Amino acid sequence: MTVASALKPAAKIDFDGPYALTINGRMVETNKSFDVLNPATNAVFAKAPEGTAEHMEAAIAAAKAAFPKWAALSWDERGALVEAYADALEAHKEELITLLTMEQGKPRHSMAKGEVEAAIFWVREVAKRRLPIEMLEDTADHVVEVHHTPLGVVGAITPWNFPVLLGLWKVAPCLVTGNTMVMKPSPYTPLCTLRFGEIAQTVFPAGVFSVVSGGNDLGQQLTEHADIAKISFTGSTATGKRVMASGAGTLKRVTLELGGNDAAIVLADADWEPLIPTLFWAAFGNSGQWCIASKRLYVHRDIHAAFVEAFVAFGRQQTVGDGMDPNTDLGPIQNRMQYDKLKDLFADTKAQGYKVPLGGTIDESLAGNFVPVTIVDNPPEDSRIVQEEPFGPILPIIAFDTVDEVVEKANATIYGLAGSVWGRDREAAIAVAKRLETGTVWVNEIHIHGIDIPFGGHKQSGMGVENGHEGLAEFTNTKTLMFHK
Ligand code: NAD
């Protein structure tokens, strides 16, 4: 392993400096690096260190060595350090926002700013959360207590759509509960994670939190490693299955936040006109590259035609462009692999002759991965655009006649991440919401998350939850202690 021990972390991070892995409290340079592209131009704008199996091994060993002392700190001591981490992140907020736009593509002034600010807020608030000892029995002669003890070393694997928020959603609860962590970001968006790893070295003891960037094989290594107690994974359902399979050898705990094909259901009585902007951004925020984007919009047939017309008119006003431009509403697709998948889906939509009242044609002469806002009017239920998770700015708006029919269609999927129901009669809308087979369902609101609100998928959208008491508890063992007085 090439260790550039000269690169000892300073209190203030140089965002213009080279990127390095963070292992055992130190910046570690690698012999090899890989290109990071700006999705708005497809030009290489940075080189990320390509970690090897040896680097990963060293990071896991350091996390294992750091664990006993870290776990032995009190909750309050750990919480204070996690809060200090939020302060350290805050000091670099603007640089992180810019870097996020550069590597991910999302508009700097809206989505990138929102993501980084939410992530820092999360770290600060999670630092204050505790899992107190539960007293199940305390009688004259017998006591039964439930304790939450840390698991050990947690491996974290993150995707490219929200690398900062989804990464820090893992770091804060993992560390405050007394575990140590090794994180592997997506090779498409490694930079913000490398920087927040670097920032972490100014706060936490060596080995408590390390970041190793590189290929997918590093993720595989984490999932198989005997010294990793748990994998906290966010990504696609296909990879989630591989994570679970390779973690089985050592019976790892897994939290899997996976794909979704969320339905938004607009009932006949909905006061739908004022909802158009909300429903538009629910589908097209982050250019549709969102696990909980509304990916199927079911609108009652009585209002469907007028709804589509208004939705298209709103969509037509939005600008797709470079996320650094303050006039941009939707940034590019993050990577060429996803762009090519979308090209294929667009070609299918065209070949099938579906009605496309907005967008539909990707201008391949553009240097960046730009995809236009596209609306598909009432495609058949078995079409690819309805059945697949597109992960891009293309949305089917489907007419339905009865509540039973729409509930059946909404549930007829392997996914069960989230969904929403919109209607003037709140009780009727709640009744529909209760029938949806999803981990989260919003009624007349959408995309509300909270530190104390558990979030996770049903069916093949995942296993376990993040956030809330339950999310925190998933970073711990349940340990029952009982004794006679
Ligand atoms: P992905 O599954 O391709 O990659 C996710 C991560 O897994 C990356 O870091 C990748 O390097 C790593 N990886 C790849 N192969 C691996 C292996 N064999 N073992 C271990 N790790 C491996 O997902 P993506 O394309 O980066 O992200 C998009 C997907 O993530 C979408 O399906 C989206 O719905 C889902 N997602 C879910 C949530 C949620 O909270 N439920 C949030 C965001 C994204």
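In this predicted model, a polar backbone atom of Leu258 lies 2.7 Å from a nitrogen atom of the ligand. Taken alone, the ligand exposes 860 Å², and the protein buries 92% of that area. The ligand sits in the largest pocket, and the shell around the ligand draws at least three residues from each of domain 1 (12–258 + 461–484) and domain 2 (262–449).

- The side chain of Thr239 places a polar atom 2.7 Å from an oxygen atom of the ligand.
- In the side chain of Trp160, an N or O atom is 2.9 Å from an oxygen atom of the ligand.

**Residues around the ligand**
- There are 29 residues around the ligand, of which Thr158, Asn216, Ser236, Leu258 and Glu389 come nearest.

**Placement and contributing elements**
- The pocket that holds the ligand is the largest pocket, and the elements that give two or more residues to the shell around the ligand are helix 7 (216–224), strand 10 (230–234) and helix 8 (237–247).
- Both domain 1 (12–258 + 461–484) and domain 2 (262–449) supply at least three residues to the shell around the ligand.

Definitions and conventions:
Residues numbered from 1 in each chain as written. Predicted model: local features only at pLDDT ≥ 70, side-chain atom pairs only at ≥ 80, totals over all residues. Heavy atoms only, no water. Near = heavy atom within 4 Å. Polar contact = N/O pair within 3.5 Å; in protein donor to acceptor, adjacent residues only side chain to side chain. Areas by Shrake-Rupley, 256 points an atom, 1.4 Å probe, with all protein chains shown as cover. 1 Å grid on protein atoms, 1.4 Å probe; cavity = no way out; pocket = protein on both sides within 12 Å on 5 of 7 lines; lining within 4 Å. Sits in = over half its atoms within 2 Å of the grid points. Helix = DSSP H or I, 4+ residues; strand = E, 2+ residues; numbered from the N terminus. Domains from an automatic or database assignment.
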